[in-house]
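Student: I would like a close look at one part of this model. Please take me through it step by step.

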Amino acid sequence: MAGGTDWEPAGAPLGEFELIERLRAIVPGAGRGVIVGIGDDAAVLRAGAAMLATCDVQVEGVHFTRNLCSPADVGWRALAVNLSDIAAMGGEPRYALVSLLIPRPAATAALDGLYTGLAELARLHGVAVVGGNVSATSGPLAVDVTLLGDVEQAVLRRGARPGDGIWITGHTGKAAAGRFVLEHPDADVPARESLAAAYRRPSPRVAAGRVLGGLARAGLVTAMIDTSDGTASDLLHLAEASRVGVWLDAARLPVPAGFAEAVRAAGVAAEVWTLGGGEDYELLITAPEGFGGRVGELTATAGVEVTRIGDVLSEAEGRWVAAADGECRPLRPAGWNHLAP
């Protein structure tokens, strides 16, 4: 159940150090390479040869609202978006640092719930929470996570080559459909709970990223990016970094159960969500022909389906999408823009 009384302040507020100790008890703090975790001016970590570093923030009213997400959902999402970045590089997540901007008066139950959700996902992926910061703010609640990870050989956006296939893990448009069913509880949509979960608690493709990183070292994956902003926008990011053209077949985009009914109930074209919905946190992959023979192994190992959705062209051939109506038109950014009005 989203929202609820956990967001509301109750009882005497905790002081800064009491709150830190309370939250430290919730999250996993030990892990490989952790020498000193939460409690000193900085964590002490023993890093591998190469390290990935990423950060992302969840801001109330921008990335989530209290009526759609519980505190635990927000904590989960705050870590998931960072895990997806590490997965997209073919890495292994290791250490998280969490900074909270807390509006007064703070609800202790909400902070407990937020850290409980974050800790649940951290334990699933072996992530140690090794530090962070708390501060009061006059603005909305914000949860800022920095995540560090190991990588043997990073998979970048810029390696795609003409002749490669374009592949995607999982399903597209599921988070947008999930948000719709949460906002419209009376809509007649099957698989409501799984769609809602895709929005509230996305599943970053860490296991798939690990396998794909190994395939990249074998020359069977050339570039990768996660679909945080939307399938179209993120494919264009990859194409621009690689200086290539692309051809995307919208009819091949895999969608989850209940998606067609949600689209119909919302009165939108399917491509609005499959191309521009964002927050799906799937992996977009470019790969030579030999990759197709390894897809079954990837699915079995990582537990996620992988679908071919297009081809990489030369830059001179342009960037196109074949729409469901059969029209071929230029591929345009369609999705999240953090600084858009």
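Student: Where is the place of Glu279?

Tutor: Glu279 sits in the loop between α9 and β10. Before going on, note that this is a predicted model: local features need pLDDT of at least 70, side-chain atom pairs count only at pLDDT 80 or more, and totals for chains, interfaces and linings use all residues. Residues are numbered from 1 along each chain as its sequence is written, and side-chain values use heavy atoms, with hydrogens and water left out.

Now the backbone. Glu279 has a positive phi of about 60°, although it is not a glycine. Tyr281 belongs to the loop between α9 and β10 too. Its phi is near 55°, a positive value in a residue other than glycine. Tyr281 counts as buried, at 7% relative accessibility. Buried means under 20% relative accessible area, exposed over 50%, and partly exposed in between, with a 1.4 Å probe and protein chains only.

Next, the partner of Glu279. The side chains of Arg77 and Glu279 are joined by a polar contact of 2.8 Å. A polar contact is a pair of N or O atoms within 3.5 Å; within protein, one must be able to donate a hydrogen and the other to accept it, and residues adjacent in sequence count only if both atoms are side-chain atoms. Arg77 is found in helix α2, residues 71-88. Arg77 is buried, with a relative accessible area of 2%. Contact means heavy atoms within 4.5 Å. Leaving aside neighbours within four places in sequence, Arg77 is in contact with residues including Gln58, His63, Tyr199 and Glu279.

Seven strands form an open sheet with mixed pairing, in the order β8-β10-β7-β11-β9-β12-β13. Two strands pair if DSSP finds at least two bridges between them. The edge strands, β8 (223-226) and β13 (328-330), each pair on one side only. Neighbouring strands of this sheet are turned by 25° against each other on average, direction ignored. Helix α2 packs on the sheet and touches β8 and β10 (283-287); its direction makes about 175° with that of β8. For such angles, axes are lines fitted to C-alpha atoms, for helices over the stretch in contact, and angles run from 0 to 180 degrees between N-to-C directions.

Within the sheet, β7 and β11 run antiparallel, joined by five bridges.

In α10 (residues 295-302), Val295, Leu298 and Ala302 are buried. Seen down the helix axis, they fall within an arc of 60°, so they line one face of α10. That arc is taken from the directions from the helix axis to the C-beta atoms. The face turned away from the buried side carries the exposed residues Ala300 and Thr301. The cover over the buried residues includes β7 (165-169), α6 (206-217) and β11 (306-313). After α10 comes Gly303, with a positive phi near 70°.

Finally, the setting. The chain has ten helices and 13 strands. Of its 341 residues, 52% count as buried.

Technical notes. Helix = DSSP H or I, 4+ residues; strand = E, 2+ residues; numbered from the N terminus.
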